[in-house]
Amino acid sequence: MSIHILSQSLINKIAAGEVIERPASVVKELIENAIDAGATRIDVSVDQGGLEMIRVVDNGSGIATEEMPLAVASHATSKIIEADDLFCVGTLGFRGEALASIAEVSRLVLRSRTADAASGAELEVVGGRVGDVTPCGCPVGTAVESYNLFFNTPVRRKFLRSKQTEFGHVAEAFTRLALAAPHVHFTLRHNNKPVFELEATDGLLERIARFFGRDLADNLIWAQSIDGDVKISGYAAHPSQSRSHNRMQFFFLNGRYIRDRSLQHALGEAYRGLLTVGRYPIAFFTLQMPPDMVDVNVHPTKLEVRFQDSGRLYSQLLAALRSKFLTTDLNTRVQTAGAVSFGSEDPSGGHDPAQAEQLRRELVDWAKGKVASWERDDIAGAETAEKAPGFGESAESQRRPLGIYRLDSPRMPAAKPFSEQTEITAPSADQSARGIHTAEKTLKPHSPQALQIHNRYLVTETDEGVMVIDQHALHERIIYEQLRLRLTSGAMETQTLLVPEPVDLSPAEAAAALENRDLLAELGMKIEPFGGDTVLVVGYPAMLANINPVELLHELLERLISGGKQPDQRDMLDELMHTIACKAAIKAGDRLTPEEISALLEQRHLVDDAHHCPHGRPTALIFTREELDRQFKRT
Ligand code: ADP
Ligand code: MG
């Protein structure tokens, strides 16, 4: 075939393929045009997932009759004039391709009227063929309809999914834009049935509530940071609300929904230790900055942008979240109000409901005895600060399915008859109750006590109530703190191997290993090149006596490879310390001896100072005493 210039229609179809991938792309482009036109109300309507019809009506500025043909011409725009404008784009659109592309691959009807025009005008384009502009009656604003998308590009049409799936994409596009522009009144209809009716509102929060529910919206944490011209503000969800995917991470740059790996990574960093592996935080953040600080012309649908200083943005978001988390108590408080179930409070997210129910029942059984003893304490008056005398002394305990009695019995006084302990209801102090109390007080054990359940959680008493700790998370936190301490004080010791161990690595691993040799050495992990993709492990962190150095090396390398380029060496080191801590910590499922439990809880206080560090503190649930009282109808 000889070389020839493609026909304009073919060029347009190729271009259209980049911008218009499915009905949702049409919806996105049309809503963006409406927002750019200053609309305060936008009505979106689609039939059959958008395959049959898409209509977007706005009350924006409208298009002058004589400009209608230009609006549907390719590379025609009112939004930029010269090349320099490309670097300070203040509108959502600027490429002048959307209407032309939609018109190329569907039947498009455009109706519009400006405020100063006596009547409106209408224009139809079928598969790129532009008809005549005819007058028509219509309100100020613009209505665009697109019928039979991809009717003339059957291959594209074949790639579309079911109507339900396509509508799902439409709804997602709608959601992103409606979140980005809360001041606009939006509606969405599918097959003539209303799906969303969203009144204009001041802030993001109301929109979040409408799309994702009150529960989520009510538990969001507000964070904000202003650094020079760059303002970041928005909401992050409590760690008890996480997802198995990152699609609930919304970033809006100057009103545009964007995806950005670096910002997502910053989010992940901020939540590290608060979520288990494979869970993603939920967040809604708006970023405002002068348009010349970002290049939005790097992606046909502008979903991705290029920041002038993405490292600074990364740090700013991370710092904003960290400092917020520092002052926020992220322990999950279990609320008994409404339908909130214990299971849904699992901070790690995914959870087996049957297991949660079992856990709930055991806790309730146990707490019944606990509350009874608190009540007795109160009646006894006086030493309220010195609280309940521990597990196991009520007759209730015998029926509990847990091993509490066994654990604590050696230190416990003989069980009193249940009636004697709980049937004291008079508000005045009762001599015999006081007697019991004092007797118990003298015998009160001082070492920390906890009960291990499901080989996974530790349940313990606190001043406030009852705390359920994730044993792995706590241990991981302790090890991390120890590592950090040693690293900062330069006391990280290496245990040298008597016989260095050769390890065969993948080419990527070998490259990462040699590239980061110094970094690894700082952590006590010493390696030497051994030729090819083999390295010698000559030493490992001395404080990790029970760890397999080869396995650890593999994990560290995996982290180094998947972590990509960290903006900062310190951050990478930090990541690696987390990897080590995670690897070395006891796991969920490990049965602990009472001594181990005590040791773990004792060390808990070592990390109490770091308790609020967002990095990786133990995930714990607190059942406050008030909540328990309420649940047992004691108040
Ligand atoms: P772009 O948005 O990149 O400029 P489009 O093809 O989406 O390109 O639109 C072309 C032009 O048509 C826009 O620049 C704008 O002037 C006009 N236009 C499109 N939609 C609307 C609308 N809903 N209201 C007012 N003007 C519109
Ligand atoms: Mg546009």
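1. The lining of the second largest pocket divides into 16 nonpolar, eight polar and nine charged residues; here Ala, Val, Leu, Ile, Met, Phe, Trp, Tyr, Cys and Pro count as nonpolar, Asp, Glu, Lys and Arg as charged, and the others, Gly among them, as polar. The model is predicted, so that local features need pLDDT of at least 70 and side-chain atom pairs pLDDT 80 or more, while totals for chains, interfaces and linings use all residues. Residues are numbered from 1 along each chain as its sequence is written, chains are lettered from A and ligands numbered from 1 in the order written, and side-chain values use heavy atoms, without hydrogens and water.

2. This pocket is lined by 33 residues, with Asn33, Ile63, Ala71, Ser78 and Lys79 nearest its centre. Helix 2 contributes the most to the lining, namely six residues. Elements giving two or more residues are helix 2, strand 2 (53-58), helix 3 (68-71), helix 4 and strand 7 (141-147).

3. Ligand 1 takes up the space of the second largest pocket. Around ligand 1 stand 20 residues (each with a heavy atom within 4 Å), and the closest are Asn33, Thr77, Ser78, Lys79 and Gly96. This shell comprises eight nonpolar, eight polar and four charged residues.

4. A polar side-chain atom of Thr77 is 2.6 Å from an oxygen atom of ligand 1, and a backbone N or O atom of Phe94 lies 3.0 Å from an oxygen atom of ligand 1. An N or O atom in the side chain of Thr142 is 3.2 Å from a nitrogen atom of the ligand. Helix 2 (23-36) and helix 4 (98-104) are the elements that give two or more residues to the shell around ligand 1.

Definitions and conventions. Polar contact = N/O pair within 3.5 Å; in protein donor to acceptor, adjacent residues only side chain to side chain. 1 Å grid on protein atoms, 1.4 Å probe; cavity = no way out; pocket = protein on both sides within 12 Å on 5 of 7 lines; lining within 4 Å. Sits in = over half its atoms within 2 Å of the grid points. Helix = DSSP H or I, 4+ residues; strand = E, 2+ residues; numbered from the N terminus.
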